Structure formats: structure tokens, C-alpha cells
Amino acid sequence: MDPHFVQGLHALLVQSTSNDTNQLKTATARLNTEYYKNPACISALASILASSPELAVRQLAAVEMRKRVQQRSGDLWTQLPQDERQQIKQKLPELILNEQGKLVRHAAARVVAAIAAIEIPLGTWPELLPLLHQACLSAQVAHREVGIYILFTVLETIVEGFQEQTQNFFSLFSGLMVDPESIEVRITTVRALGVIAQYIDTEDKADIKSFQALIPKMIQVLGQALDTGDEANARQLFDVFETLLILEIPLLSPHIKDLAAFLLQCGGNRNLSSELRVLALNALNWTIQYKKSKIQSQNLAPVILEGLMPITTEPEPEDSDEDAPCRSALRIIDGLATNLPPTQVFPALRTLIQQYFTSPDPNCRRGAMLALGVAVEGCSEFMTPLMDHVWPIIETGLRDPESSVRKATCVAVSCLCEWLEEDCAAKHGTLIPAIMNLVHDPKTQRSACTALDALLEILQDSIDQYLGLIMEQLASLLDTAPIPVKTVVTGAIGSAAHASKSKFLPYFEPTMNRLQHFLVLGGEGDEGELRGIAMDAVGTFAEAVGADVFRPYFADLMKQAFQGLEMGSPRLRECSFLFFSVMARVFGEEFAPYLPQVVPALLASCKQSEHGEEKDTESLSADVAAFASGSSASSPIAILDSDGNVEAEMEDVDVDKMLEVNSAIAVEKEIAADTIGALFLATRGHFLPYVEQCVVELVSLLTHYYEGIRKSSTESLLEIVRIFYELSEPQEWQPGATVTVPLQPLVKELVGHVLPPLMDMYETEDNKPVVASLCVGLAETINKLGPAFVENSLETLCNIAVQILEQKALCQQDPDQDENEEAPEDQAEYDSVLVSSAGDLVSALANALGADFTQLFITYFPLISKFYKDSRSLSDRSSAIGCLAEIIAGMKNAVTPSTEPLMELFYKALGDPEAEVQSNAAFAVGLLVEHSEVDLSPQYHLLLTALRPIFDVSADAPTTRLNAKDNAAGAVSRMIVRNTAAVPLDQVLPVLIAALPLKNDYLENRPVFRALFHLFRSHPQSLGPYLDHLLAVFAHVLDPNVPDQIGEDARAELIQLIEFLNTQEPAKVRAAGLNVFLSGA
């Protein structure tokens, strides 16, 4: 080796460690041009690593040596003469063992790993593994530390070459995890096990069993790291456990109870730092998400909740973005509620809430309120019948003497409004005055305005009595409150506009005048947020007052929205996109001239990289987004230099900053993808020039790591297909497996571009809401396009529905659940939403295939009907009966062979304790009577007896009860039309006609009016006693001031009937105000 070459390289490395920027630039340039393209630089760097007296230079030499070995896939290394390579392999491990500097040892260990990655697969370094094994067992602690660290880095790089060694590794690692002198050895060993775990196959039963036996020791090492307060090492160990949690092999399964208890104990240990406690609680959250079948089968939720509640009482940081144990604990309560059956979560939580809410300690009361709020999302259906017990707690909380408890109660109200709209809207008389009181208290102002915003959003007509007072009081805050409060006040005014619709008109102009200057704010942080919320609110005003009133502001506000795109803020771009979406909805085709500016901005948003990540490395961002607990040895995030070499590993990257940027841009992309579909829907044919490029971009987003983007892309793609089809002026399709009305060629081509990637996405989709959205979107598209949409994908679509109904879709799988094991009947409410969406898909297929669905029905009937059992949730029972009803509507008389088992099931459902199920059962029974060729008149008496109680409902009853009554009226009407003679009209008509006019489900007016027309023709005398009431009903449904309730055909026939009745009873027709509908009127 040329000593001058080594000296020159050494001098430049010394220069590179200088703080002088110019010297550094000069040295870097010379190194890249004069040294690093020559294979001899590797030997020279090895020499410098072995001999330089300066630690910083040795470390830099090791880093550069690794890069050169890896350069161009090892090309530079293999150009070195064989003897030089052999000498380096021989000397390097020994050199590392004797190196005093820890950073140098670690950097040099990575050189060994880089060389091993090239040499081991070729079988040219057989001495390495025995050497490392020997070092790991050395009597010298420093040698053990170096030996296991090198082994760890080598395994990271080339574990595939060592599969036959796994049992030896397990034996070695079992001893190293109890190293008596060095926690570093113990920690590195656990990290090495985390790497090996990723390469164990599902079939490797012996390896799985051996690994499972090591878990208790691994947990002990994590506990030791926490006891020393070593956050960096604890973070790495939590990464290992998070890796084990997401693997598809059940390595942790036998120890889930112990792991959860350990993590809960660490999370609640106030002697640990907040950072370490948050790491432990985050890991517990992932345990619940990824091992929910074990958590569920062992009923661990109550114990976990009991351990979490004390943590919820701890103080919250001022900064809303700062993590803290109390916030982590609330996230876990949310995770328990959304991942587990509410029967396992809410009863235990309710007991704890009552206990904590009666405490004299306000922190306990605050924790109880926040816990209630976060649990609502996953337990809303289960909570509904219990709300009479919940409201007293809420009302007391809003009056609590401590402001922290009042604020927490406002948070709980916001959550309740989001998930229990009807219950909350019904409590407006209590909630509005209580919240308005808190709006005037500076301590609770912001939280109260947020709660008010959520409540107004759902208030609908009930807002009329409060609108003047609310607008007067909120408007004054726009002038006087601090900016964060102005932001939530502006949001609340937007919700008031949404609820009041045209009644907002008197407040529109003064409010616009107050908000105008918010729309031009140029600052970041609070100012940017206020500008964005003001833009959202103004869009809501436009929908409330309509295009004509809003038009004078339209052009100027579009300019402000375009300016928002240029301000470098993902949040403002998101708000601009939402504004474009609303403006397109309000102005329709009038929005079209803006498309040349808006669509390129949306596409640019979809294409942008997220903090330097390109689309082919998005999986890295997925890892970061999933586990924001630090770097992972098994999946380091790396940044590449110009040669494609690893330049900086995770420890050099600000992960929090990266996550912040990633998540903001990801949400912006989600909104952009959603807006594309909304613009096509609003502007119709004007959007056609942009369809192709939008479809290409949306398809590319189906593989994005963020589920929100996949969901909005899915919805927009299917929206585009439906609108494109509508614009092709299609003929009406006919049901059947054979396509008799083909799609237009361009529509068929579009379907060919969209449907296959959606099917591919499903195969790898692990997020339930995304799959549910896909099923609902597919159902809507099938119903729109008919059998031509499914002709090339029928089997795939059918299999999707079967998998979900069998609870075996990828997003429903749990590696800890045996493949042949039946999924538990008691499931999370989100699981019920997914099953319901699969039912939508099945009923759409039945609608498209008609009589040709008969064979498929044999497959689907048992899969759907199993969800109607007493042990199933309300949602499961309701959606099962509703799905079967829709299938009957699609199959029509082809359902005949299944009449008996269907009727047997519907009888049970008519007696269900829940009105929602009764409603669907009444609808289903009516359709079965209408379409089945089996004469069901012998069962009329039993049916009428089962339907009769559903009619007994007061006018102020819950919506579900009123819906059930309307569906029962539809069912009785279908029975009358099918076989009038079998109906005891003298007993049935008083009840049926008293139920008119229908108030909720106007679709049932179709069978009702068919029955009335039929009776006027065939049994007019039976209706005579009810004529006055019927004429009032006719006047109600024909009222031009209300939306159409009966459809054009029925309307025309009804007017003909009124013409006839006018010849018989002109005075009564005139008294009912119906003479205006007579010809010549």
C-alpha cells in the first residue's frame, strides 16, 4: 500500500473533522475526486482506523470505510486484491475488540456487517461466526459487548444466511440476557433477537417455541433499562417489542397478559421519567391493537382500565402537541373501546367513571370525564340505552366548581355530539344554556366554544330558538377574544350556519364583514389556523345562504383560497381544497372556469413527497408513522447521498419533525384526493379533460402508507367511474349475469383502469375503515352501472364479501387466532361496521344479477343469517336483516325457494327488543310477501299480530321507532295488494290509516299508495269511513312547499284519484284544499 496515499487520505480526514466549513468543503471535494473512487481507499481507511491517534478520525474512517464497502453494491470492495480483503477480514474484528472508543467500535462493527453482507453469501468468511461466538462468551466484559454488537449488526444485514444457526443463537442469547456485568450486552442481545424474529417462518414451530421461552428474559431486560433511566436504550427495546407485536407469527402470544401487566406497571410508575412512561404506554396501546384476540379472550380490559384511570388524573401539559402519560392513557382507553367488544370495556369503565367522578379530587373528576369522552367512539351503540345514566354526570360536570373539570366535560360533550347525534340534539334545552355560560368564562371559553361547535353541527331545526342569542354572543367574541378563542368561535359560527341554513341569512353579511380580515392573515401558528377555520366557516355560510346571495363574495374569496395555496402551509392548502369543494357544490357548473387552476394544484399536492421521501420508499414512512417511539434497529430510516449510499441513520434524523411534516402533508393529500371526486360530481362534463390524469394519480395513491389517503382515493375513483358512466348517456341496464346492455367503450376502459388496482389494494389492506369504504363504494357503483361493472370481476367481488362475512379478510386477521377458529361473536363496533359494508356489497350484487343471484344466495344466506342471534350486537342483527331485505328486493321472485327459512328468521326479528331491527324486519317481511311465489296468506294472521305492536308509538318517540312504524305500514300495504281477501280490513285499516302520513321513511309511501289506489279501485266502500283523514294525507304529500314524498308516478295517479273523488265528494275535496290540483283549477 502506498504510504503517501494513506498519509494524504489521513490528512484530509483530519481536515474533515475541522469546524471550519470551507476546510470541510475542500476536504470533502478532494476525498470524493482523488480517493474514494479508488479501491485502495478501503485498505487505507482500514489502516487509519487501526493506527490514527485521534478518536474522531478513527470514527470517520470507519464510517467512510463502510460507505466504500457498500458503494455500488460492493463493487469497490471486490476490486481489492484477495489478499488485502483477507487481511482486513482477519484484522478488523480483533481491532474492534481492542478499540477503546465506543462510537468507533460501533462504526467499525458496521464495517464488518457491510463486508459480511458481501462475503457470507459467497461462503468466503467462515471464520466470522465462530469468532463472534467466542467473543460473546469471553471472560472480558468489553469483548462480550463488542462481540454481541458486531453479531447484532451482522444479523441486521444478512440474517438470511444464518437460518440454520437460529437454535444456536437462541442458546447463546439466553445466557447473554442474564450477563452479570453488562446491561449493554443484555440490551444488544434483545435487539439482536428483534432482528432474528423477523425471519422466523410460521411453519418453524421449534424456533417459535424457543423464541417464546425467551420472552420473559427480554421483558426483564426492558425493565432493567427503564430502571436505569436510559431513554435511548429503552426506546430501542420498545422498538423490538413493537416489531414482535406486528409480526404475523405469535411470538408473544403466551405472554400477553404478563407483557400488558408489565407495560401498565411501567406506565403508572411515577418514579420513571414521563418520556419512558409514554414509551411503555404506547407499547401497551400497540399490544391492544395487534393482540386484541388475546386481550379479549383473557378479558384483560377491566384490569387495564383500572391501571389507566389513575394516570388519567395526572396534569396535562399546556402544549396540546406535547405527549404525556395522561394523554397516552386516554389513547389506550380509546384503543380498548375501538378494538374490543364494548361489553368488555364500557361496564368496567362506567363503574370507574362513577367512582372517580364522585371523588373530592378535581383531577379524578377531570380524568373520569376525559375517559368517558374518548370511549364514546367505540361504544356509542352500547351506550345509547344507558344515556339516561350518563347525562346527570355530564350536567353536573358542566357546573363543577373546578374549571379543569368543566373543560373536560366540554370535551366529553364534543365526543358525544360526534357519535350520538340524536341523543345530544334531544338534550339541547339543557346543554345550550350550560355551554353558553361557560363561553363567557375565560377559563373555559375555548373548550366551551368547541363543544358548542359540535352541538350546533347536529342541532338542525332546534337551533331556531337559540340562533339570535348565539350569534349575538359569539359575534362579540370575534372582536375581543384572543386568537385561539376566535378560531373556535369562528368554527362554532360555521356550525350555526350549517344547522340554521337559510335562517342564517340575516347574520350572513355582518358576520362576513367581521371575518374578512381573518381571511388575509399571513402569520403562522395561531394566525394560520384562524385563517383556515375562517375559510371553512365561509364555505359553510355559502351552503347555508345559497349561490345567489353568496355570489358577490365568490371571486374575491377564490383569490384568497389561491393565496392560501402559496403560503407554504399544508393546513392552509387543505382548507383551500375544502373551500374549492364547497364552492363547486354550491355553484355547480359555474365553478368550471376555475378548474384549470384548481386541478393542477390538487395533482401537485397528491404528487408531493413527504419530507424527502419518494414514493418507492414510502414503506419507511409507514414504519415511522406507525411507531413514533424512536429508531428501529430492524428498519432504520436512512437518507441517501448522491451515490445512493447510506449517509445518515435514524439517530441523525429529527423523527418528531419528520412525523409532523409527514402527517400534515398526508392529511393535505387526503383532502386533495377527496376534492377531486367532489369537483367532478359538481362540474360534470367540464371536468372530463382532467379525468385521465386524476385517475392515474389516485390509483398511485392506493398504496400510500396513510390509510386516510387510501380511503379518499378509493372513494374518489369510484365516484369518477359513476359520474363518467352518467355522462355517457347510458341505457337502463337489465339485471342478470349476462350483460345485455354493455358499457360505452370509454366507460369500460375506465373501469378496467380503476377496478383491478382496487382489488389489488384489498388483498393487502389491513385497515378496516378503508375496506368498509371500498365495499360501500363498490356497492354504490354496482347499483349504478349494473352487471356490466362486475362482468370481469364477479368472482373476486363475491370472495371479498365472503371473506369479510367469515371474518377472514386480512384486516380482520389476528395472528394469534387459529386459522380454523371461529371468530368470537362479541366484537368491536368497528367490526360491525365492516360486516355491514360487506352486506351492502352482497345486496348490490343481488340487485345487479337479479334471478341469477340464486346460486350465490345459497352461499351467502348462512353467512349473513349467523349475524342474527341474541348474542350479537344491535348493529349486527339490524344489518343482517336489512341486507336480506335488500337481497329480496334484487332477486324478486327468484327468492321463492328460500321463503320458509327467511320467514322464520324475520318472525324472530319482528320480536326483537330493538326498534331498528323491527324496522328492517317489517321491510323484509313486506318484500318477501310481495315477491315470493309462495302463497303466504295463511300466515297473514300471525304476521299482522307480529306487526301490530310496532304501530303503537308516540309522535315524540325516537327516530328508530318512527321508522319502524313506517316500514310496518309498508309491509301491511304490500300484504293488502298481494291478497286483499286474506286481510281483515275492518281491523287493519283503522291502524294503517292512522299511521299516515308517513313521517320518516318516505320510500314506504310507494307500497302504501299502491295499496290505497288498489283499495279505491277494488274495495272503495272499505275506505269510506276514513275519507276525511285520507284527503288530509293527500294534501300533506302533495304540498309543494315540502320535498317530494311519493314520486312522480304515484303523484300523477293520486291527482287522478282526487279528480274522481271530486265527482263524489266535491265539498270534502275543497275543504282539504285539494281543489288546486284539479284540472282547470
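Biologist: Which side chain meets arginine 144 in a salt bridge, at 3.0 Å from N to O?

Modeller: In this predicted model, local features need pLDDT of at least 70 and side-chain atom pairs count only at pLDDT 80 or more, while totals for chains, interfaces and linings use all residues. Residues are numbered from 1 along each chain as its sequence is written, and side-chain values use heavy atoms, with hydrogens and water left out. A salt bridge here is a side-chain nitrogen of Lys or Arg within 4 Å of a carboxyl oxygen of Asp or Glu. The side chain that meets arginine 144 in this way, at 3.0 Å from N to O, is that of glutamate 181.

Biologist: Which residues does alanine 135 contact, leaving aside its neighbours within four places in sequence?

Modeller: Alanine 135 is found in helix H7 (residues 128–136), helices being DSSP runs of H or I with at least four residues, numbered from the N terminus. Contact means heavy atoms within 4.5 Å. With the neighbours within four places set aside, alanine 135 is in contact with Leu97, His143, Arg144 and Gly147.

Biologist: With which residue does aspartate 912 form a salt bridge?

Modeller: Aspartate 912 lies in the loop between helix H43 (899–910) and helix H44 (915–931) and its partner in helix H42 (residues 874–891), so the pair ties together parts that are 35 residues apart in sequence. Aspartate 912 counts as buried at 3% relative accessibility, and the side chain that it meets, at 2.8 Å from N to O, belongs to arginine 877.

Biologist: What is the angle at which helix H21 and helix H24 pack?

Modeller: Two packed helices are described by the angle between their axes and the distance between the axes. The axes are lines fitted to C-alpha atoms, for helices over the stretch in contact, with angles running from 0 to 180 degrees between N-to-C directions. Helix H21 (residues 403–419) and helix H24 (residues 445–457) have axes 8 Å apart, and they pack at an angle of about 15°.

Biologist: Which residues are linked with Glu930 in a network of salt bridges?

Modeller: The count of salt bridges comes to 45 by the rule used here. In the network that includes Glu930, the linked residues are Arg974, Glu1004 and Arg1010.

Definitions and conventions
Helix = DSSP H or I, 4+ residues; strand = E, 2+ residues; numbered from the N terminus. Buried < 20%, exposed > 50% of the residue type's maximum accessible area, 1.4 Å probe, protein only.
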